[in-house]
Every structure is written in structure tokens, then in C-alpha cells.
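Subject: The structure I promised you

Hi,

Here is the structure for you to look at. Open it up first, then read on, and I'll walk you through what turned up.

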Amino acid sequence: MPKLRHIAIAAEDPEKMAEFYKEAFDFKEVGRPNGALADGVFLSDGTLNMAILKFKTDQLGKGLDYRGIHHFGVLVEDVGEFSKRLEGLGAEYYIDRNQQEPNAGYFEKKFYGPERVLFDIAEHPWAGCEPLPAEIKEAAE
Amino acid sequence: MAKLRHIAIAAKDPDAMADFYVKAFDFKMVRSNDGPLAYGHHLSDGTIDLAILRFKTDQLGKGLDYTGLHHFGILVEDVDQAAKRLEGLGGKHYMDQDGERVGGFEVKFYGPEGVLFDVAEHPWTGTEPLPLEKAEAAE
């Protein structure tokens with residue numbers, strides 16, 4: 001089954017916000033993304049990647065001054081297969097992030113689901129997040 | 001370590017949105033509720049609770065017509081201890097949810113920049129509990 005493995009927060013001051021969650025919950029810093037879409041800090045609780053980001057483009061249509069939880073990410077086995085499924089369900093493809101972007105570290109595709117809720121799908125785990133559990137078939141091998 | 005175990009989305013139509021995520025990612029619908037704060041559905045990927053809710057109060061100050069990601073929740077060992085730590089760091093207590101509430105006691109806080117989150121010591125329905133601590137695991 002796909003797994004929720006990423007949550008992104010839009011922040012004015014990602015460093016300060018990241019410090020808060022590190023001190024509050026002992027989350028570990030696992031990266032400092034600096035890309036075309038956003039800069040910020042990656043934290044991990046050992047299972048999920050929590051990205052605290054200052055966005056550079058208005059992905060949500062809520063304005064660049066939007067603050068709050070921005071999107072989530074689902075780890076899947078096969079991005080191509082899930083892209084087809086999502087489009088069949090009416091999701092709107094938004095953008096690919098690929099290896100050409102420095103520090104991306106993984107391939108992901110962004111979609112808008114119902115009510116324009118933005119989410120990513122990726123088949124390579126985000127920094128500091130758990131991979132998908134081994135499938136029964138693989139585990140039996 | 002505390003664990004992120006809950007993500008809540010504000011939706012106009014929680015039924016349709018929940019159906020989408022069930023079909024898209026095979027998430028399981030584990031609970032539906034209609035409480036004083038919200039109506040909606042809880043999905044689970046086996047680890048995390050994804051709550052898709054139509055809120056009845058404006059918890060974010062963005063208006064009741066706000067749709068999108070709303071808050072997250074963190075499972076902790078001890079809510080009182082976490083609450084003290086959060087207040088010491090400048091987190092602002094918003095409300096306690098207790099009484100007859102399904103899913104157990106939780107406390108809502110605003111963190112930096114007004115980001116809302118819950119802390120709870122009872123796992124949300126369908127989510128993984130905290131991993132055993134080393135001391136317990138050694139027993």
C-alpha cells in the first residue's frame with residue numbers, strides 16, 4: 001500500500017520554525033533543500049519527512065504569503081502507474097520535479113486532487129523517511 | 001521520539017474527497033464522525049491517519065470557506081510533558097479535546113507562524129502506536 005511519507009509547511013522563516021519542531025519533538029534535521037521551487041529545512045521523525053519551506057512560486061493559488069501546511073506526499077511503488085490511476089480519477093497533473101533540479105534527490109510528480117488539494121507522489125523516499133514496507137512477495141523471496 | 005501520525009484536510013465535500021484517496025492509494029476508511037468541530041472521514045495508510053473534514057469552526061483564522069491542508073498531529077508519550085515543553089518554546093495552547101470524544105484526549109497548539117497541530121498520547125484510529133522505547137524493549 002502507498003504510504004504518507006511527506007508533509008510540507010509553508011513558512012516565512014523556515015529555520016526558526018524548524019528549530020521549534022526539533023526542540024519540541026526531537027525531530028532530526030536531515031537536509032537543507034535549496035531548489036527552484038523552495039528553500040528550507042527537512043526534518044524527520046524517523047518515518048516521515050517534514051519539509052519546512054519558503055516557497056518561491058504560488059503553487060496553491062493562495063498567494064506567496066500563504067502560511068501553513070502546504071501539501072503532503074505519498075510514497076508509491078510506481079509513479080507511472082499511479083499517475084495513470086490519479087488522472088483516471090480526475091486529478092490534475094501539475095509538475096514533475098526531476099533529477100535536473102539540484103538537491104531534489106528524488107523524482108516526484110505533483111497533482112491537484114479534489115478541491116485543488118496539492119500532493120506529491122514519489123517512488124524514492126524523501127530524506128529521512130522510511131521506505132515502503134517490503135511486499136509479501138518480496139519478503140517471501 | 002514523538003511521531004507524526006495525523007494529517008487533516010479541510011474539505012467542502014469530505015465524502016467525495018475521501019472516496020478519491022481510497023481509490024487513488026488504497027487507503028482504508030477507518031472511521032467517520034460528526035462532532036462539534038467537524039464532519040468527515042478518517043483514512044489510514046496503516047501508519048498515518050488522514051482526516052478529511054468539513055470544519056464547523058474557524059480554527060485557523062482563514063475563514064470557514066478555507067479548503068486545503070489544515071493541521072497535523074503528533075503522537076507523544078506524555079501530553080502534559082509535551083504541553084509544558086511547547087509552552088516553554090512559545091507554542092500557544094488553543095484547546096483541549098476531551099470528554100466523550102472518540103479517539104481520546106488531545107491538545108491543540110499553535111506553533112510558529114500560527115501553524116496548528118495536535119498532540120495526543122493515544123494513537124489516532126488505524127495508526128501505528130509509538131515504537132517501544134529501548135528500555136521497554138529490553139524488558
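Let's start with one pair of residues: D96(B) has V107(B), in β7(B), as its bridge partner. Keep in mind that this is a predicted model.

That pair belongs to a bigger pattern. Strands β6(B) and β7 (residues 106-110) of chain B run antiparallel and are joined by 5 bridges.

In chain B, 8 strands make an open sheet with mixed pairing, and their order is β2-β3-β4-β1-β5-β8-β7-β6. At the edges sit β2 (28-34) and β6 (92-97) of chain B, each of which pairs on one side only. From one strand to the next, the twist averages 25 degrees. Look for α2(B) too: this helix lies across β6, β7 and β8 (116-120) of chain B, and runs at about 145 degrees to β8(B).

Next, hop over to chain A. It has 3 helices and 8 strands, and from the N terminus on its elements go β-α-β-β-β-β-α-β-β-β-α. Of its 141 residues, 40% count as buried.

The helix I'd look at in chain A is α1 (residues 14-25). It has 12 residues and reaches 16 Å from its first C-alpha to its last, close to the 16 Å expected at 1.5 Å a residue. Which residues of α1(A) are buried? They are P14(A), M17(A), A18(A), Y21(A), A24(A) and F25(A). If you look down the axis of α1(A), these buried residues fall within an arc of 135 degrees, so they line one face of the helix. Their cover comes from both chains: it includes β1 (3-10), β2 (28-31), β3 (38-44) and β4 (49-55) of chain A, along with β5 and α2 of chain B.

How many residues does the contact take from each chain? It takes 35 residues from chain A and 37 residues from chain B. On the chain B side, β1 (3-10), α1 (14-25), β5 (68-75) and α2 (79-88) each supply at least two residues. Sorted by class, that side of chain B has 21 nonpolar, 9 polar and 7 charged residues.

Cheers

Note on methods: Residues are numbered from 1 along each chain as its sequence is written. Chains are lettered from A and ligands numbered from 1 in the order in which they are written. This is a predicted model: local features need pLDDT of at least 70, side-chain atom pairs count only at pLDDT 80 or more; totals for chains, interfaces and linings use all residues. Two residues are in contact if their C-beta atoms, placed from the backbone, lie within 7 Å. Helices (H or I, at least four residues) and strands (E, at least two) are DSSP runs, numbered from the N terminus. Ala, Val, Leu, Ile, Met, Phe, Trp, Tyr, Cys and Pro count as nonpolar, Asp, Glu, Lys and Arg as charged, and the others, Gly among them, as polar. Two strands pair if DSSP finds at least two bridges between them. Axes are lines fitted to C-alpha atoms, for helices over the stretch in contact, and angles run from 0 to 180 degrees between N-to-C directions. The expected span of a helix is 1.5 Å times one less than its number of residues. A residue is buried if 20 or more other C-beta atoms lie within 10 Å of its own, exposed if 12 or fewer, and partly exposed in between; C-beta atoms are placed from the backbone. The arc is that of the directions from the helix axis to the C-beta atoms.
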